[in-house]
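The following exercises are to be worked through with the sequence and the structure at hand. Each task is followed by a stepwise solution.

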Amino acid sequence: MTTRPAPQPSAAAAESGRAGSLIRLVNLDKTFGEGSARTWVLRRVSLEVREGEFVSIMGPSGAGKSTLLHVLGMHEGGWEGEYHFLGEPIHALKPAKRAELRNANIGFVFQQYHLIDDLTVYENIEMPLSYRNVPKAERAGIVADVLDRFQIVGKKDLYPRQLSGGQQQLVAIARAIVADPKVILADEPTGNLHSDQGREIMELFRRLNAAGTTVIQVTHSETNASFGSRIVRLRDGWVEGESPTGTAPTTES
Ligand SMILES: Nc1ncnc2c1ncn2[C@@H]1O[C@H](COP(=O)(O)OP(=O)(O)O)[C@@H](O)[C@H]1O
Ligand SMILES: [Mg+2]
């Protein structure tokens with residue numbers, strides 16, 4: 001990984017933000033549809049994630065996990081409430097400024113991968129480096145290193161459609177980590193991997209986390225969750241409870 005200066009929060013952000021707070025949501029609501037067809041997908045979600053945490057979001061299908069991760073990743077608009085990221089009020093920022101913060105700080109693994117169809121594996125992985133203004137000459141070495149680490153060197157000139165689901169998922173993870181983001185947001189990142197590969201990815205996340213990267217993952221797997229230190233449980237859009245990992249789940253039914 002290269003070393004490059006981490007983007008610093010603005011002076012105003014430093015003043016209003018709490019030390020160590022990376023993400024703070026206050027009463028965040030997300031709805032789809034209008035009028036009588038309006039449905040709530042996230043309901044008064046309040047959540048704080050500090051720099052350097054490794055958090056798992058769990059809950060039944062349809063609970064709003066992916067929606068929450070997309071809001072955190074600044075991919076999703078149309079929500080109400082407060083979202084503070086590194087002390088910056090995301091709810092008050094224009095889309096261009098949100099995109100700037102996202103590109104500088106966030107690596108995102110989509111549940112459906114969302115690789116770019118007409119770019120090769122190599123080009124997909126290289127893309128976040130161009131957002132981060134890493135010089136072209138430096139990019140080749142960084143991408144080569146990641147291809148090697150993920151054991152996909154032989155796939156670098158293939159297009160996403162030429163890969164299995166598991167291989168696409170690996171490329172999506174490689175793309176999320178290549179630019180050394182401050183935070184990794186990963187939506188069921190091992191759902192299509194063999195158990196050995198899944199374990200390797202969790203170990204990679206643990207190493208990155210030990211080196212300071214904040215990790216927030218959505219998972220159905222208690223084993224995957226055990227790599228983190230805290231579980232946030234969602235149900236029907238509500239935060240149902242939080243628990244440290246390794247304790248009995250706090251589900252109610
Ligand atoms: N674009 C959309 N339009 C309408 N409803 C949506 C949309 N995206 C998600 N939903 C609904 O929001 C709820 C939560 O979805 P999601 O966040 O994908 O849940 P999870 O990831 O926990 O399975 C589901 O009921 C889903 O149908
Ligand atoms: Mg989902």
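A residue is buried if 20 or more other C-beta atoms lie within 10 Å of its own, exposed if 12 or fewer, and partly exposed in between, with C-beta atoms placed from the backbone. The model is predicted: local features need pLDDT of at least 70, side-chain atom pairs count only at pLDDT 80 or more, and totals for chains, interfaces and linings use all residues. Residues are numbered from 1 along each chain as its sequence is written, while chains are lettered from A and ligands numbered from 1 in the order in which they are written.

**Exercise 1.** State what share of the protein chain counts as buried, and how many helices and strands there are.

Solution. Of the 253 residues, 37% count as buried. Next, take helices (H or I, at least four residues) and strands (E, at least two) as DSSP runs, numbered from the N terminus. The protein chain has eight helices and 10 strands.

**Exercise 2.** Describe the surroundings of ligand 1.

Solution. A residue is near a molecule if its C-beta atom, placed from the backbone, lies within 6 Å of it. Ligand 1 is surrounded by F32, V41, G59, S61, G62, A63, G64, K65, S66 and T67. Helix 2 (residues 65-72) supplies the largest share of this shell, three residues.

**Exercise 3.** Is R235 buried, exposed or in between?

Solution. R235 lies in strand 9 (residues 230-235). With 17 other C-beta atoms within 10 Å, R235 is partly exposed. Two residues are in contact if their C-beta atoms, placed from the backbone, lie within 7 Å. Leaving aside neighbours within four places in sequence, R235 is in contact with G59, P60, A63 and E240. The C-alpha atoms of R235 and R43 are separated by 9.9 Å, although these residues are 192 residues apart along the chain.

**Exercise 4.** Which strands stand at the edges of the open sheet of four strands?

Solution. Two strands pair if DSSP finds at least two bridges between them. The order in this open sheet is 2-1-4-5, with antiparallel pairing. Strand 2 (39-50) and strand 5 (88-89) stand at the edges, each with a single partner strand, so one side of each is left without a neighbour in the sheet. Six bridges join strand 1 (residues 21-32) to strand 4 (residues 79-85). Within this pair, I23 has F85 in strand 4 as its bridge partner.
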